[in-house]
Structures are given as structure tokens and as C-alpha cells.
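Here's a quick briefing on charged side chains and who they pair up with. Have a look at the structure first, then read on.

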Amino acid sequence: MKRSWGLTAAMTGIIAAVVAFSTFGQDPVPSGKLFIYSGVLRSMDRQARTIIVDASAVSQKFTVPTDAEIIVKDKPKGELSDLMVGDGVQVKYTDDDGTLVAHQISILGLKSP
């Protein structure tokens, strides 16, 4: 019996080391499941840090925390002010008890008429 416990403890240690190594140097993943939503940026409230993205008949409102990654062309780190109504965007977000929290926003290069 002692031998199997020792083997189990050793395997648990190896698995923990592999998991720690595989995530080393990566940005922490937000808790919860990450979703993707693409559409046209229809409105933005810079003070409240919210955006509304429209995809066909369905619009979604996202809260944009200050540490959200905003990816824009020709700029290493974008800001919320770099986004414009009419931009095609892709939002990677989590659902935090009914509040959609954007963790990454990328401009798709589309402009709405």
C-alpha cells in the first residue's frame, strides 16, 4: 500500500510541474469560459467603459476593464479611444454573473456605412 501512495504522490507532483511549466510566461487566463463575439461597434461610453457591438439582429453590451487588451493596427497597445463607432470588432469576453466583460478587443478592419 505504501508503494502505491508513493507512486501516486510522485505522479501528482509531475502533473503539477507540467501544468506550471505549460502556463509559465503566458498571460493569466480570466476565470470562467472565454467567448468570442464579432460584429460592428454601434456605440461606446468611454467614461463608463462600455461598448455595444451589433451582429445582425443581436446586440451585446460589454464592460471594458482598464486592463483589457485592445488590438489596433500600427500601435503596440491600443486604448478604448482608438476604437470608432462603425469599426468591425472581435471581442473575447467572459460572462461574470450576467455582465459581459471584454478581455480583448480586436479591430477587424471593417467599416459600417
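Aspartate 82 comes out as partly exposed, with a relative accessible area of 24%. Keep in mind that this is a predicted model. Aspartate 82 pairs up with lysine 75: their side chains form a salt bridge at 3.0 Å, N to O. The count of salt bridges comes to two.

**Lysine 75 and aspartate 82**
- Lysine 75 is partly exposed, at 37% relative accessibility.
- Aspartate 82 is partly exposed too, since its 24% falls between the 20% and 50% cut-offs.

**Arginine 42 and aspartate 54**
- A salt bridge also links the side chains of arginine 42 and aspartate 54, at 3.3 Å from N to O.
- Arginine 42 sits in strand β1 (residues 35-45) and aspartate 54 in strand β2, so this pair ties together parts 12 residues apart in sequence.
- Arginine 42 is partly exposed at 39% relative accessibility.
- Aspartate 54 counts as buried because its 17% relative accessibility is under the 20% cut-off.

**Around aspartate 54**
- Setting aside neighbours within four places in sequence, aspartate 54 is in contact with Tyr37, Gly39, Val40, Arg42 and Ser59.

Definitions and conventions. Residues are numbered from 1 along each chain as its sequence is written. This is a predicted model: local features need pLDDT of at least 70, side-chain atom pairs count only at pLDDT 80 or more; totals for chains, interfaces and linings use all residues. Side-chain values use heavy atoms; hydrogens and water are left out. Contact means heavy atoms within 4.5 Å. A salt bridge is a side-chain nitrogen of Lys or Arg within 4 Å of a carboxyl oxygen of Asp or Glu. Helices (H or I, at least four residues) and strands (E, at least two) are DSSP runs, numbered from the N terminus. Buried means under 20% relative accessible area, exposed over 50%, partly exposed in between (1.4 Å probe, protein chains only).
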